[in-house]
Amino acid sequence: MTDKRNQGQNKKQKQLDVFKVNDKGKALTTNQGLKMSEDEFSLKAGERGPTLMEDFHFREKVTHFDHERIPERVVHARGFAAHGEFELYEDMSQYTRAKFLQDTSTKTPVFVRFSTVNGARGSADTVRDARGFATKFYTEEGNYDLVANNIPVFFIQDGIKFPDVVHAFKPEPDNDIPQASTAHDTFWDFVANNQESAHMIMWIMSDRAIPRSFRMMEGFGVHTFRLINEEGQAHFVKFHWKPKLGVHSLVWDEAHKLAGIDPDFHRNDLWNAIENGQYPEFELGFQIIKEEDEFNMEFDILDATKIWPEEVVPVKIIGKMTLNRNVDNFFSETEQVAFHPGHVVPGIDFTNDPLLQGRLFSYIDTQLIRLGGPNFHEIPINRPVVPFHNNQRDGYHRQTINVGKDNYHRNSLAGNTPAPVSPAEGGYEHYQEKVEGRKIRARSESFTDHFSQATLFWNSMSPAEKKHITDAFSFELGKVKSKSVKQQSVDMFANVDLELAKTIAKRIGVNPPTSGGSNVTASSPALSQQNTIFIPDTRRVAVILTKGFHGPEVKYVLDQLEGANLFIDIISEHQGKVSGSNGISIDANQTFQTAKSVQYDAVYIANASQTNREFNKDAVYFIDEAFRHYKPIGATHGGIPALTINKLDGKQGVIIGKDNMRKFSDEFINAIALHRFWDRKIV
Ligand code: HDE
């Protein structure tokens with residue numbers, strides 16, 4: 001069984017390996033394979049003369065360079081990806097005939113691209129935004145793409161409005177400001193005048209939009225899809241990814257600062273975790289509704305602004321994805337990967353969700369312009385692991401050499417092949433849904449409740465989460481210049497919660513709404529990050545360590561932290577060797593010039609004595625900032641006085657170790673697992 005699993009997993013890797021080129025140690029050639037004797041000087045008429053047209057090498061090199069860029073994605077331009085594998089926990093044949101969801105003995109290779117939505121390719125990772133979470137499963141029946149987001153609902157209900165919402169959230173067209181941010185007039189004008197966005201906006205203003213890590217995000221297919229089993233029976237399904245590390249976020253001030261200090265924060269985080277063998281894992285879950293229950297929910301299941309509360313429709317966990325290999329080449333793999341919700345396999349089908357229907361048109365269309373023609377499926381990262389055969393021919397950059405003359409269907413020369421095959425032989429057959437109706441441009445009456453689930457979300461938040469949402473609204477609307485847009489927005493969110501709207505109104509200088517409010521009292525605990533998984537694994541700890549530290553005890557603590565799967569950086573007055581007692585020395589890899597507190601989850605002050613004033617000043621700032629971001633802080637021995645200087649003794653989440661290092665390590669690691677201490681009093 002192990003062999004079979006590994007075969008599945010390695011198949012995509014082997015396919016990609018064929019295309020890998022290692023230029024190291026090789027003679028330099030042109031693209032025609034001609035070895036060149038010179039690559040630094042263009043061909044000139046005389047040493048100080050003009051460059052000659054006949055310099056084919058110069059022209060080839062520069063022309064290729066001039067064409068190195070392809071258009072960035074219209075949305076989701078900034079992304080980062082990794083390879084992995086998917087394994088199934090239990091046979092899902094009761095619901096679907098998809099083979100990769102039936103056979104628990106195979107591992108399906110996957111490629112996952114995480115992304116922000118709004119910003120350009122060079123924007124920062126930590127901006128407030130939804131995150132894309134797109135997975136390509138290279139199955140034995142062809143590629144299946146689950147093109148998901150980390151937020152389970154969307155701004156709009158119909159695909160025809162996508163260009164409008166995207167125009168509104170992108171930088172304003174006159175001056176291209178602001179970058180990668182929704183804190184501007186056109187976005188909020190769109191929101192207030194398209195109130196179907198209310199639920200999505202609550203998520204965007206929440207901590208979900210500033211994730212701590214790609215590894216700590218949920219993924220949601222958003223739309224209702226269909227699963228079809230061997231008997232042709234259909235079930236409605238929503239897809240979920242659940243991270244094994246829990247769902248965690250940054251705080252807004254931290255996200256802001258990280259955008260400058262480490263714009264690649266999420267990239268670094270994912271890359272390093274995989275390089276260090278701490279492979280991110282996500283479990284796949286299904287929420288299933290029977291066909292006959294389509295109209296028994298409080299909302300329309302075709303409406304992409306609605307969730308199915310997990311307490312009403314439980315998420316059944318069916319398998320696990322592990323990301324275990326970084327890409328070899330960002331452009332070839334991450335930039336050229338082409339996802340499409342219409343890449344399905346037998347057993348997975350669509351519904352009439354008008355947003356999904358819009359997507360089914362858009363993705364191929366966008367690849368045509370971005371990847372330069374209809375043969376993007378031949379790019380190595382996009383190739384299925386099974387062969388493809390049809391009568392499609394030619395086009396830009398065609399790679400296959402299709403032999404033979406017969407390139408049309410219904411031929412006799414090739415026995416009418418390639419031939420469609422029956423569902424029993426693996427042929428895809430669309431679900432025969434009965435459809436009836438008049439041609440009409442309209443929204444179904446069942447799509448008009450825009451606020452109940454926005455309030456459900458608000459009701460489900462912890463006090464800290466509610467505060468963050470209120471602050472985020474105040475920030476975003478506080479940046480809006482139009483008083484009318486501010487007022488319209490506040491009035492709109494009075495329909496979600498009157499007190500929330502009043503607080504924002506006061507802060508942004510508009511009239512507090514007097515009417516509104518919601519009579520929805522229900523909540524869904526699954527929506528709160530307070531109820532997620534809390535484990536310390538893979539958190540980053542900054543260790544402040546100066547010479548003269550207590551050798552054995554500090555070493556003991558560091559061993560415990562590493563043993564708990566934590567990543568450690570040692571910050572000292574200089575990089576390199578730092579000496580402690582008992583002849584123990586530790587290598588520092590950071591200084592306060594290279595490391596900032598926002599890059600860490602916790603601080604351990606192992607020793608901060610006997611240092612210069614500059615270092616002390618930086619240490620005070622570093623520790624204070626970590627404290628203000630609610631992070632756990634620990635100190636032992638020569639680190640304890642630093643707590644007193646920062647007035648942190650006895651504060652929540654501040655752990656002191658005097659004699660018992662074992663107890664200290666346990667308490668500190670537990671504190672790290674808790675992520676943040678929201679009830680901490682900060683003055
Ligand atoms: Fe996309 N979306 N989208 N989208 N989307 C694209 O395709 C589009 C929507 C999502 O890492 C584009 O290759 C329309 C929902 C992800 O490469 C484009 C509509 C969800 C990615 C496109 C939506 C998504 C995209 C741009 C409304 C969550 C990045 C580049 C009808 C379920 C995939 C590209 C990657 C990318 C169109 C709405 C997720 C333009 C028309 C809802 C994760 O085709």
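In which strand is Arg113 found? In this predicted model, Arg113 is part of strand 2, residues 107-116.

**View 1. Arg113 in strand 2.** Arg113 is one of the positions that the unreviewed UniProt entry lists under "binding site". With a relative accessible area of 4%, Arg113 falls under the 20% cut-off and is therefore buried. A polar atom of the Arg113 side chain lies 3.2 Å from the backbone oxygen of Ala77.

**View 2. Tyr363 in helix 9.** Helix 9 covers residues 354-370. The "binding site" positions in the unreviewed UniProt entry also include Tyr363 and Arg359. The side chains of Tyr363 and Arg359 make a polar contact of 2.9 Å. Tyr363 is partly exposed, at a relative accessible area of 21%. Leaving aside neighbours within four places in sequence, Tyr363 contacts Val147, Phe339, His340 and Pro341.

View 3. Strand 7 spans residues 234-243, and because 10 of its 10 residues are buried, the strand is largely enclosed by the rest of the structure.

**View 4. Antiparallel pairing of strand 7 with strand 8.** Strand 8 (residues 281-290) is joined to strand 7 by 9 bridges. Leu284 of strand 8 stands opposite Trp241.

**View 5. Strands 5 and 6 against strand 7.** Strand 6 (residues 225-228) pairs with strand 7 in the antiparallel sense over 4 bridges, and Leu227 has His235 as its bridge partner. The hairpin of these strands has 5 residues between them, and Gly232 takes a positive phi near 85 degrees. Strand 5 (residues 219-220) runs antiparallel to strand 7, with 2 bridges; Gly219 is partnered by Trp241.

Note on methods:
Residues numbered from 1 in each chain as written. Predicted model: local features only at pLDDT ≥ 70, side-chain atom pairs only at ≥ 80, totals over all residues. Heavy atoms only, no water. Buried < 20%, exposed > 50% of the residue type's maximum accessible area, 1.4 Å probe, protein only. Pairing = 2+ DSSP bridges. UniProt positions renumbered as here; feature names shortened; annotations may be inferred. Polar contact = N/O pair within 3.5 Å; in protein donor to acceptor, adjacent residues only side chain to side chain. Contact = heavy atoms within 4.5 Å.
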